Amino acid sequence: MSISYLFDEVARLPLPGDNVAVATRNLEAGATIIYQGQTFTIDYTVLEGHRFAVKAISPGEPLLSWELPFGVALVTIEPGHYVINQEVLEALRVRTLAFALPEKPNFVDEVPPYVLDEAHFQAAEALPPSPDTRTFMGYRRSPERGVGTRNTIVVLGTTSRTGSYVKQLAARLQGELKHYPQVDGIVPVAHTEGGAEQPNNLSLLLRTLAGFIVNPNVGAVLIVDFGTEPVTNQMVESYMREHNYPLSDVLHQFMSIQGSFEDQLRKGEAIVRDWLPTVNGMERTPESIRHLKIALQCGGSDAFSGISANPLLGWMAKELIRYGGAANLAETDELIGAEPYVLQKVRDIETARKFLTLVENFKDRAAWHGANAEGNPSGGNKYRGLYNIYLKSIGAARKKDPSSRLDYVIDYGEPMTESGFYFMDSPGNDLESIAGQVASGCNLVFFTTGNGSITNFPFVPTLKVVTTTRRFELLANDMDINAGQYQDGMSMDELGKQTFELTLQVASGQRSVGEKAGHAQVQIWRNWRQSDRSRLDELLRAPQPQGEPIAIRLDGAVSAEGFSFTRRDKGSIGLILPTSLCSGQVGNRIAQRLNSQGIGQPEPISRYVALAHTEGCGNSGGQSEQLYARTMIGYVTHPLVKHCLLLEHGCEKTHNDFMRHQMEEMGVDPDRLGYASIQLDGGIDKVTQKVEGWFAEQLSVAAPSVEQSVGLEGLQIGIVTDGSISYEAGEQLAMLTQMIVAAGGTVVVAENSGLLKTPAYRDRLWTASSVHPSLAYGEHARHSGFHIMETPTEHGVETVTGLAATGVELIIAWIGQQPMQTHPFVPMLQVASEPVVQTAYGHDLDLSLTGDHSAWIEQILERCKQTLEQSYTPRLFAQGNVDFQFTRGYLGISL
């Protein structure tokens with residue numbers, strides 16, 4: 001028997017002229033809807049947030065939401081028919097659903113191109129100023145910097161090379177905060193950029209770092225580099241002085257690491273400790289709210305984002321601008337299709353032109369990489385009813401109130417110097433976009449979410465606004481504002497006033513939900529590798545490695561008589577594998593909690609590890625996504641891993657069901673893993689309990705590990721170098737490679753290693769003029785022998801991340817310049833034979849080789865044995881110099 005509903009009980013029509021409605025709950029196939037005197041039947045089950053027709057739509061007729069087109073009908077769509085396109089059908093088919101889907105789409109993504117009518121353009125008037133004044137309690141900086149909502153000491157890594165240093169330094173100083181109540185935090189800002197070849201994003205990287213340094217929420221900042229990277233402190237300082245950033249108004253110091261990791265940590269601690277009394281002496285004073293600059297941001301959006309949460313931010317921005325404040329809307333690709341709305345009120349024609357130019361530039365940059373800027377919506381977006389970029393953009397644009405005009409259009413991270421409504425160029429990637437807004441001077445972030453994103457920034461408070469009451473109740477401990485109250489009957493004015501008062505409280509020091517949770521991360525707009533389309537065809541057609549080992553010369557290979565080590569038959573790592581950037585920090589917290597509880601330790605679990613990273617959402621598909629999935633599955637199948645659980649945020653492209661599908665395609669049993677979802681399982685606390693329960697269950701039924709003694713045939717090692725190496729080093733590594741391969745073991749060398757260019761290594765192993773990689777980046781080595789892993793990156797951490805995913809159980813890093821950041825669970829030995837390196841970094845090295853070269857192999861094997869048997873811990877790992885990051889390859893780009 002079919003169920004009958006009144007329209008208003010189960011659906012919303014954003015504007016009267018729309019011909020499709022949004023379901024506010026799941027509507028079963030066969031349900032009848034009573035709407036404006038007519039009754040129609042739902043043909044297929046319509047998910048909450050998805051759309052169905054309320055008027056007959058003829059083939060070729062546009063589908064309208066907010067009275068703007070988001071597609072064109074392929075067939076006649078009758079009232080009650082589920083509206084769906086091909087992309088959403090594909091996205092839903094990889095999900096586990098209990099009902100049938102339509103066999104074919106009934107509309108195609110197509111909207112007419114927007115053309116600015118310059119002949120009839122009329123400049124819009126500014127919003128009338130408010131006659132009232134309001135204040136908040138803020139930290140007054142210099143006039144050029146403004147007023148802070150927080151008073152934070154920032155430890156900033158200039159490039160990715162110092163990311164692990166700043167994280168470790170900040171962690172060591174947390175105990176000091178209890179003595180300094182006016183210091184809101186000592187936070188690390190670590191990111192992925194500037195650590196490899198000269199980047200294409202250099203100008204925006206320098207602009208972002210400069211903006212971070214002078215943001216009014218910063219009480220003091222330590223800026224850290226090595227001085228040898230493609231981007232250095234000297235470059236940052238020069239940029240700031242050339243562009244008139246008020247650097248002298250900030251308590252700061254530039255520091256270059258010169259010496260051992262521990263010594264430099266002590267040096268950094270001393271600097272920050274000296275600052276603490278001064279920063280603690282900075283006090284809050286009453287300040288006009290014209291000093292508030294708010295970032296308008298969204299992530300994990302759904303069909304209701306444009307109905308409740310985004311219009312609420314539009315209301316907030318309008319009110320703040322009337323008081324003299326500023327609002328910053330970003331995410332360029334998430335406004336494609338919403339140009340008619342964004343540009344309906346603009347300050348002047350030049351501003352409109354610049355906006356459209358930035359949109360076209362974004363499309364061009366994506367095309368250089370074989371991507372489409374209109375392919376932005378994530379799997380979570382589609383699952384929650386945002387079928388395509390046009391529909392997503394129309395809703396996202398509602399963060400600009402219809403009465404507000406677009407005042408300024410700025411580049412990524414460009415300072416906001418006046419009151420008004422700004423648009424800032426950025427990708428749709430939430431974290432990358434937020435970083436640019438903070439660099440522009442934002443001192444508060446408003447983050448709307450339909451699925452329940454938990455993103456936070458380290459030194460700017462984030463207020464999370466959820467779209468529906470149902471989702472707010474599910475995630476009440478992780479959200480700040482329930483915009484679903486508007487759908488439940490509260491007026492937007494009343495909801496806006498409540499939110500405005502909360503804003504002033506948080507700006508005055510009340511902690512946001514995210515600040516209480518204590519997790520945050522930073523991601524700057526990642527580098528793009530192509531600057532035009534010239535290499536696109538070549539890169540798309542590049543042959544893939546076949547996975548077969550490379551034949552090498554084994555004549556003359558010597559054996560290591562008597563060498564053996566004891567290993568377990570199964571791994572000992574309890575691995576939490578975040579499926580995207582937004583679940584990484586929660587994964588880290590759960591792993592830390594499990595380790596502190598000692599569940600299953602030291603047998604059969606040696607420790608729990610979460611591999612936090614910055615991928616899985618907000619970036620292009622194609623080769624980059626395939627690379628990511630392959631590397632993730634390399635970790636799923638890694639021999640050191642005993643139990644693995646996938647932790648999804650819930651709204652990403654590469655969600656748990658996506659990863660299950662990828663594993664099935666690659667012949668990996670997905671049922672051996674655990675699965676958890678921050679959003680769908682009810683937030684951070686509940687997902688933590690679920691993960692703990694899953695690991696406890698696995699341990700309760702796990703068979704005990706069996707130790708066995710193996711020789712060279714049991715070695716699976718990777719080799720990386722940080723530049724060219726000596727003839728003697730190349731010769732000894734060649735002999736070691738021959739010994740292991742001849743015995744039946746595995747050696748994997750990174751393609752970008754200087755070792756492969758060393759005649760002493762190359763000429764001893766093969767006679768061919770060139771040898772091609774046998775493994776793709778991050779590909780699990782299924783056959784023993786000698787392999788070269790392709791490395792579409794020069795980045796050290798990205799290289800090690802891919803190398804570890806091949807299944808090697810130990811990595812030898814031969815150091816010619818300075819030690820490398822280590823891997824979270826694959827032990828990495830830092831080895832050097834150059835006296836200058838040994839002198840400078842002796843305390844960080846695991847082996848300093850001197851004297852008779854012929855004795856080096858024996859020393860290396862002994863250290864390998866000690867490490868694999870866990871009687872020796874690599875020094876830099878023990879000190880916390882650890883990092884992890886996927887490469888995006890040559891064609892990955894932020895969207």
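Predicted model: local features only at pLDDT ≥ 70, side-chain atom pairs only at ≥ 80, totals over all residues.
Residues are numbered from 1 along each chain as its sequence is written, and side-chain values use heavy atoms, with hydrogens and water left out.

Q: How many helices and strands are in the protein?
A: Helices (H or I, at least four residues) and strands (E, at least two) are DSSP runs, numbered from the N terminus. On that basis the protein has 27 helices and 36 strands.

Q: What radius of gyration does the protein have, against that of a compact globule?
A: The radius is taken over C-alpha atoms, and the globule rule is 2.2 Å times the number of residues to the power 0.38. For 895 residues a compact globule would come near 29 Å, which agrees with the protein's 28 Å.

Q: What share of the 895 residues is buried?
A: Buried means under 20% relative accessible area, exposed over 50%, and partly exposed in between (1.4 Å probe, protein chains only). Buried residues account for 63%.

Q: Among contacts between residues at least 6 apart in sequence, what percentage join residues at least 24 apart?
A: A contact means heavy atoms within 4.5 Å. The share joining residues at least 24 apart is 76%.

Q: Where is His823 found, and is His823 buried or exposed?
A: His823 sits in the loop between strand E34 (810–814) and strand E35 (828–832). Its relative accessibility is 1%, so His823 counts as buried.

Q: Which residues does His823 touch, beyond those up to four places away in sequence?
A: The list includes Tyr635, Val800, Thr801, Ala804 and Met828. It also includes Phe877, Val882, Asp883 and Phe884.

Q: Which backbone nitrogens lie 3.0 Å from the side chain of His823?
A: A polar contact is a pair of N or O atoms within 3.5 Å; within protein, one must be able to donate a hydrogen and the other to accept it, and residues adjacent in sequence count only if both atoms are side-chain atoms. The His823 side chain reaches one such nitrogen, at 3.0 Å, in Phe825. A polar atom of that side chain also lies 3.0 Å from the backbone nitrogen of Val826.

Q: Is Thr791 buried or exposed, and which residues is Thr791 in contact with?
A: Thr791 lies in the loop between strand E33 (785–789) and helix H24 (796–805). With a relative accessible area of 4%, Thr791 is buried. Leaving aside neighbours within four places in sequence, its contacts are Ala750, Glu751, Asn752, Thr799 and Tyr890.
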